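Me: I have a structure open and would like to go through it in plain terms. Can you take my questions one at a time?

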Amino acid sequence: MTDQNQTPEGTEAEASPETAAAESPEARIQALEAELAQIRDQHLRALADMENLRRRAQREVEDAGKYAVTKFARDVLAVSDNLERAAQAVPPEKRGGDPLVDQLAQGVDMTLSSFRQTLETHGIRRVDPLGERFDSKLHQAMMEVEDRTKPAGTVVQVLQTGYVIADRLLRPAMVAVSRGGPKEGAPAPETPGSRVDTSA
């Protein structure tokens with residue numbers, strides 16, 4: 001007597017239509033193409049990450065070269081300040097009376113000029129904002145001066161010279177700003193900046 005539940009011979013080898021479709025060459029090609037697209041996407045992302053890392057490293061190396069002397073530069077600015085005070089101690093109108101004083105003033109002027117040239121060589125420049133519009137990015141206002149002859153917000157006195165190194169602020173210029181004067185007719189430019197003194 002034949003078992004009703006027994007599977008007929010050969011039917012075990014037959015797969016369901018879903019299994020057969022999954023194992024078809026077309027389906028296999030589609031699966032491989034999807035896997036290839038995923039690998040290609042991962043590869044492109046890895047290349048982009050490597051390029052970003054290379055650019056960041058290059059920028060850090062360039063910054064290190066530009067700003068390596070920043071701390072030293074801040075320390076020697078006091079020397080420049082003292083030389084400027086010494087040069088201003090004998091104004092031009094008082095020179096010519098005493099040869100010794102003249103020689104001393106000339107020596108201070110030459111030393112200051114040489115010092116400024118050395119700073120310039122290392123990318124350190126003076127910021128001279130006298131007569132310009134106050135810029136909080138480069139200047140530090142120490143006081144306001146009543147002056148109705150100049151537009152409000154004009155730098156009327158520089159109390160301490162400012163400096164920049166490359167394109168970064170090293171020390172803000174300490175300034176006195178006018179008030180009470182007429183308002184400026186035209187709006188200030190987006191980045192007014194300050195005159196950078198490149199004279200020796």
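Reply: What follows goes from the overall fold to one helix, then to salt bridges and a surface patch.

Me: Before that, what kind of model is this, and how are the residues numbered?

Reply: This is a predicted model, where local features need pLDDT of at least 70, side-chain atom pairs count only at pLDDT 80 or more, and totals for chains, interfaces and linings use all residues. Residues are numbered from 1 along each chain as its sequence is written, and side-chain values use heavy atoms, with hydrogens and water left out.

Me: OK. How many helices and strands does the protein chain have?

Reply: There are four helices and seven strands. Both are DSSP runs numbered from the N terminus: helices are H or I with at least four residues, strands are E with at least two. Along the sequence the pattern is α-α-α-α-β-β-β-β-β-β-β.

Me: How much of the protein chain counts as buried?

Reply: Of its 200 residues, 23% count as buried. Buried means under 20% relative accessible area, exposed means over 50%, and partly exposed is in between (1.4 Å probe, protein chains only).

Me: Now helix 4. Which of its residues are buried?

Reply: They are Ala105, Val108, Leu112, Phe115, Arg116 and Leu119.

Me: What do they pack against?

Reply: The buried residues of helix 4 pack against helix 3, strand 1 (124-127) and strand 4 (162-165). Contact here means heavy atoms within 4.5 Å.

Me: What comes just after helix 4?

Reply: Glycine 123, which takes a positive phi of about 75 degrees.

Me: Changing topic: how many salt bridges are there?

Reply: The count comes to 12. A salt bridge is a side-chain nitrogen of Lys or Arg within 4 Å of a carboxyl oxygen of Asp or Glu.

Me: Give me one within a helix.

Reply: Arginine 45 and aspartate 41 meet in a salt bridge, at 2.9 Å from N to O. They sit four residues apart in helix 2 (residues 25-67), so about one helical turn separates them. An α-helix has 3.6 residues a turn, so residues three or four places apart point the same way. Arginine 45 is exposed, at 55% relative accessible area, while aspartate 41 is partly exposed, at 36%.

Me: And one between distant parts of the chain?

Reply: Arginine 171 forms a salt bridge with aspartate 81, with the closest N and O atoms 2.9 Å apart. Arginine 171 is in strand 5 (residues 168-171) and aspartate 81 in helix 3 (residues 70-89), 90 residues apart.

Me: Are those two buried or exposed?

Reply: Arginine 171 counts as buried because its relative accessibility is 14%. Aspartate 81 is also buried, at 8%.

Me: Which residues are linked in a network of salt bridges?

Reply: Glu144, Glu146, Arg148 and Arg179 are linked in that way.

Me: Last thing, the surface. Which residues make the nonpolar patch?

Reply: Met142, Met143 and Leu159 make a nonpolar surface patch of about 260 Å². Patches are made of residues with over 30% relative accessible area and no salt bridge; like charges are joined within 9 Å, nonpolar side chains (Val, Leu, Ile, Met, Phe, Trp, Tyr) within 5 Å.

Me: Where is methionine 143?

Reply: Methionine 143 lies in strand 2 (residues 139-146). Its relative accessibility is 38%, so methionine 143 counts as partly exposed.

How values were computed. Accessible areas come from the Shrake-Rupley method with a 1.4 Å probe; for residues, only the protein chains shown count as cover.
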